Amino acid sequence: MPTCDNRQTKTSDRNSNEMFMRSPRIRPVVIAGLLAALATNGSAQSVGELDARLEQLCKQGEYGQAIPIARQAVELRKVRAKEQPTEYAASLDKLAGLYKAMGAYEKAGPLFQQAIGIWARVKGNEHPSYATSLNNLAVLYQELGEFEKAEPLYQQAIEIRVKVLGKMHRDYATSLNNLAALYYSMGAFEKAEPLYLEAKEIWAVVEGVNPRDYAASLNNLAALYEALGAFEKAEPLYLQAQEIWARVLGKEHPDYATSLNNLGMLYQAMDAHEKAEPLLLQAMEIRAAALGEDHPNYAASLNNLAMLYQAMGAVDKAELLLLRAMEIQAGALGKDHPDYAASLQNLAYLYVAMGAADCAVPLARELTEIQRGLLARVFGSFPEKDREAYLRSLAIHGLPCALENGPLAAASALAFKGAVCASLLEERCLLQAAANPDAEALVTDIEALRRRFHRATLEGNKAEMERLWDQIETVEKQLAHFVTGLGAARRSLKTQTADVQEALPAHTALVEIMRYKRPVYEGKKKAGVEQRYGAVVIRHTGEPVFVRLALASEIDDSVERFRGLVGAKTGAGDDAACQAVARELYQLLLAPLEAALGDAATLVLSPDSQLHFLSFEPLLDAAGKMACEKWQIRMIDTGRDLLEQPGPAGDRKHALLLGDPAFGGEALANGKVAHNRGIFVAEGMWFPPLPGTRAEVAEVKQILENSHWETQTLVGEEAGESVLRNRIHGQGLVHLATHGFFFNQLAEGREGALAAGHPGVQERPAKPAQGPMDRSGLALAGANRTLLARQKGEIREPSDDGMLTAAEVVVLDLAGTQLVVLSACETAKGKALDGEGIYGLRRALKLAGADTVVMTLWPVSDAYTAGFMQDFYRRYLAAGRHPAVALAETKKEHLQKLKQASGFRRAVQLVCPFIATGRGVAAVE
């Protein structure tokens, strides 16, 4: 007998500006008409009558009245469960779905799981009814905010349905819709849209069978477009869904309330408040009558109406509605649920609007702890892009920065900046440990413990979860003898400000910079949102201090102008213009921090967004003094890196040096050599020879050997990708002197053939063919032959094509490598993701395990770089200096000399592209 199949309908969604969160409730619709009458003997006839009544109530949305009837049907079928197990399983599914619809989640879960067990035993795990039960349990987990449990169940249901039913079946469309709804809830909109569209097309074909499904797809697609800010696409879809639900279900049904709610929230986002209010009020009244005033969907209506009133300046009304919404959500969902977190965040922002920041601070503190738990669950189960999307959807730094509260902003920055990278590093460490025979048994143990932990999580057994988590931590400590970084994700989310303060030397200041969204108010009415940079200054003692910086657009514009002046060919007035922008940037970024910095002699800067591409050392104060003359400046990805100890280097000093690769394509060069170490685009894209790098490698080799290092040198044809891969592991130091590249885009088509793609040169395709980790890298021997082959539509073997991309660097094993120097152009470039750093070689080398990396922000001079590197290595090897210290000292000396000899702009151009990032407190001592 068929079973009920729960579909998800968006009841509300996120505000596209991410400043206030709409409660992301997803309510299933129990599909009526799926319970057939049984045979006509006495008890079966009774069950048949119950089924008919149940079907009628479900159509009317009277789920509360339906529950006792469904419970009675279950009891009657339980008597004959051995003879008719599938009918019993169907009744369990139906009752569980009704409990879930009414918010009784603790009752629904065991019934769904019991039904799954029966279907698997009786029909096997490829039967459509088994897929239906998987889908229904997934919907439950999603409503509980347990996304990591829902996704694999949805995917399993999809696999069964496409295999058994085909792609033009309504149940397959249901699975697509529900998985899309999961991704929507996580903020992964680009993954949700194609699934929604496919479901909509399928349901359009079978609309005559069940038009409410088609209406659900219209509604959900509209919610997605609204979240993306495409209001003109969303409105007609909402209106069409509303018309269908009104016609098919009537105007007292919860689904019709959904359409009113979502259309009202769209109008609120469009500032059409007079159109929004009656729709939201009507939706709230329908939900109260149909579902009750303790239901999560009723709480969603309260939350959304509160947002409207806040936008209208009626803050007293909004406060009462949010407090009631939180009370309902805490009881029905728990305080660790995304919906409760959304209402909590909304209430905190409301207090900001009311000028009652003191009331918002404890809410923000509670919110941070909830977000730690939410991210910990997602990080353990989802791929990188989904983790990033979910992190963005939470708008984590916005509230602490809007409150301008130092301790809260510090806690947020230290826990969440670079958190996705930390989670990926942990997974990589486990893979590395598995390759060690001595650690193999421990890896097997930890994997078994994690499987048991996952099972305990599915069962909701908190005591077992805590016990297993303690065991996992014990095994991780044992594994730490074989590999570093294990447990990085958990540690990152649990990082406390006091831990970082304890690691900071006395005269050092850690400056965590964050780009965030801040609400703007006219009186008590929210007038809009602005993007700003803010910084929190953390010292060894005392409370962290938050400093509001300028608008993000103003700072980003100044950074772009500064980089443009530094990178341009010399022209009249360029030196004065460059100094003017350097003064401007100092006033925007460093002058506001001076009071909080106090007597700090060293600044440890953790930048964000476009500030990753700025060299802070040459910024000029009002008296014309460079920042590096006032402080020793170090760069770091996140303050947590101070707590991460470098990997074991071993007793041996081994170095691998690479330079002057034989790029090939000699006809292209025509006797030309490069003056800088970037890709050449003036006459077609190619990599000209770099003879200066051969001399540089020879000099570095001599300096290292004088300090008793063993060295290997790769030049010419030997400086290729496969040779480098084979020799790079186990080196204490790696120096790569060659061309660097970061392609703005890769062309689509021709199997990824490269476009003539250098920033500022090519037309950007509408859609990137590959991600930034595939578009940044280093040119090695044979690189030009690869470019020529691709122009002809030929593809060389990626593992030895002469173009070592960041994506390929990630899988290298650089554990124990103390220093990697990329003596090439623009190796620090990539795609900036707010709060997560730069996607490119920077991220790749960190994930590969390198302790410290020296990179470049813009093209470097082939002739000048050789001498600069010699000075850097002499300082690095003298008295055991940390490479970050050695680089800071080298840059300061060269800047001061060149500024006098060649002018400010030329000094910045030659010296300041070099930056270093590292981990461990030694990097700042």
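Is Asp 834 buried, exposed or partly exposed, and what is its relative accessible area? In this predicted model, Asp 834 is partly exposed, with a relative accessible area of 37%.

Asp 834 takes part in a salt bridge with Arg 515, in which the closest N and O atoms are 3.8 Å apart. Asp 834 is placed in the loop between β15 (830-833) and β16 (837-840), while Arg 515 belongs to strand β3 (residues 508-522), so the pair ties together parts that are 319 residues apart in sequence. Arg 515 has a relative accessibility of 19% and counts as buried, because the cut-off for buried is under 20%.

The structure holds 37 salt bridges. Among them is the contact between the side chains of Asp 621 and Lys 630, with an N to O distance of 3.2 Å. Asp 621 counts as buried at 9% relative accessibility, whereas Lys 630 is partly exposed, its relative accessible area being 28%.

A further salt bridge is formed by Asp 641 and Lys 846, whose closest N and O atoms are 2.9 Å apart. This pair links distant parts of the chain, 205 residues apart: Asp 641 is found in the loop between β7 (632-635) and β8 (654-661), and Lys 846 in helix α34 (residues 841-848). In this pair, Asp 641 is buried, with a relative accessibility of 7%, and Lys 846 is partly exposed, with a relative accessible area of 22%. Elsewhere, a network of salt bridges links Arg 170, Asp 171 and Asp 213.

Strand pairing was examined for β17 and β18. Strand β17 (residues 852-856) pairs with β18 in the antiparallel sense, over five bridges. Within this pairing, Met 855 stands opposite Ile 915 of β18. Strand β18 covers residues 914-918 and is mostly covered, five of its five residues being buried.

In a regular strand, side chains alternate between the two faces of the sheet. In β18, Phe 914, Ala 916 and Gly 918 point one way, and Ile 915 and Thr 917 point the other way. The residues on both sides of β18 are all buried.

Technical notes
Residues are numbered from 1 along each chain as its sequence is written. This is a predicted model: local features need pLDDT of at least 70, side-chain atom pairs count only at pLDDT 80 or more; totals for chains, interfaces and linings use all residues. Side-chain values use heavy atoms; hydrogens and water are left out. Buried means under 20% relative accessible area, exposed over 50%, partly exposed in between (1.4 Å probe, protein chains only). Helices (H or I, at least four residues) and strands (E, at least two) are DSSP runs, numbered from the N terminus. Two strands pair if DSSP finds at least two bridges between them. A salt bridge is a side-chain nitrogen of Lys or Arg within 4 Å of a carboxyl oxygen of Asp or Glu.
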